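Let's look at how two chains sit together. Have the structure open while you read.

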2 protein chains.
Amino acid sequence: MDFETATPREVRQLIREGKYTGQTSGMCRGYAQANLVVLPKDLAYDFLLFAQRNPRPCPLLEVSDTGSRTLHEIAEGADIAKDIPKYRIYKKGELEGEYTDVSEFWRRDFVSFLIGCSFSFEGDLIAADVPVRQIEEHKNVPMYNTNIPCRSAGVFHGNMVVSMRPIPYALVPKAVLITGQMPRVHGAPIHIGDPSVIGINDLEHPDYGEMVTIHEGEVPVFWPCGVTPQNVIMQSKPDFVITHAPGHMLITDVKNVNLKY
Amino acid sequence: MDFETATPREVRQLIREGKYTGQTSGMCRGYAQANLVVLPKDLAYDFLLFAQRNPRPCPLLEVSDTGSRTLHEIAEGADIAKDIPKYRIYKKGELEGEYTDVSEFWRRDFVSFLIGCSFSFEGDLIAADVPVRQIEEHKNVPMYNTNIPCRSAGVFHGNMVVSMRPIPYALVPKAVLITGQMPRVHGAPIHIGDPSVIGINDLEHPDYGEMVTIHEGEVPVFWPCGVTPQNVIMQSKPDFVITHAPGHMLITDVKNVNLKY
């Protein structure tokens, strides 16, 4: 199978059968991928409210019915417990293990949150000749904790996590306009330039992901990051949480272009 | 006080003191006004999920903390139970009465939902020479039940309610582009033209509001309407709901222009 041109449904079936367990970067070109957070119902209201109050880092693409493993809006027929190549289970905020299928752990009180991913706007940046360094260098994007507070909701509170892409000065306005068209996948940058302004004191050593090269004449540009909700949830140390493993996303049936409208 | 140029804080104070109990149309030019729905906590998760699944008719501007009568995002320091000129109380889906202050009814399990209002984009339409008929004719906007299903969430389900504005054919694209810039106040039209396509069989007799004149060479254009959530809630006949009275809105500190970004 040519993963770049395969349909999301074909790839999800392959993953469901356990025949693909790798990262999903670059698969099903043009289709949105989504972050997963699964929480027990007793935490779901607080998290839904946290997402409502913090749409920049937590753009919800779909929320499942309680106990349901199926989706209806972004990936009709998908099995949330099987169609992601790799999952993580956290107990009391500590990583317990990685799994390729979490159906044996499923509970009738689970609610699944599918959260937009900045991967959706990177295609538009590249198409418009704005470089995306971590793709050029085959790395994970560098991500940082900041001093930008999220709005609290119930038990959930914490600061925003951001991703960083170095952009040539002349292309910064274009990068803002392109990503600003896609608020459902984090939208416009949250900060442009001096990292210390948002509490990042060591740009060379990201808190998550890998550092990428910043060329002469480029400025670091920071976008709200989908790691924020996971980070905030882990701080509250809930008994049991399932997430995707970083880079191993749900491939949805939603075309990136349709996230603009 | 000149209500058109007064600040939202000044007008809210006057309303809080019971010195103004009328409609808010045209007050505090340039500032967004908001619909109110107050529900007990046991219904709040389902309604928050309903809004997440139906952002076109239910764009949430702010959700209060449980039991709190104050807001922090759209109207710092506002008292939800006093700062709206007129409220309605519904019991089991039936209108029980209208009040200018609902503080005596407040309960510690109440959650307040503030929902965006299309009034915010009408200023931009008028500024761009797109006529807004119900303002020209000093009427309430005509609103209709449709056959467009909302996505259900828990106990809440039903069809979308739409508002209608007649637009000259040549200005329809401009009306789409202007309102499409403001998804937090219903955004672009949901339908343009033949009303029967969306289940409206008698355009002359709106289900809510008043009919306005459609001139030769104009097409009816329909937008998702903030009456939808109230309509959906009333169908489920909850024991106790507080809303604003139609036309008597919360005047927020949010400038309409800031709802675009």
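Before anything else, contact here means heavy atoms within 4.5 Å. This is a predicted model, where local features need pLDDT of at least 70, side-chain atom pairs count only at pLDDT 80 or more, and totals for chains, interfaces and linings use all residues. Residues are numbered from 1 along each chain as its sequence is written, and chains are lettered from A in the order in which they are written.

**How the copies meet**
- Of the interface residues of chain B, 100% are also interface residues in chain A, so the copies meet through the same surface.
- Chain B brings 17 residues to the contact, and chain A brings 17 residues too.
- Between them, the chains bury about 1500 Å² (accessible area, with a 1.4 Å probe, lost on being put together and summed over both), and 51% of that is on carbon and sulfur atoms.

**Charged pairs**
- The rule finds four salt bridges across the interface (a side-chain nitrogen of Lys or Arg within 4 Å of a carboxyl oxygen of Asp or Glu).
- A:D65 forms a salt bridge with B:R53, with the closest N and O atoms 3.0 Å apart.

Methods:
Side-chain values use heavy atoms; hydrogens and water are left out. Buried area is the accessible area (1.4 Å probe) that two parts lose on being put together, summed over both.
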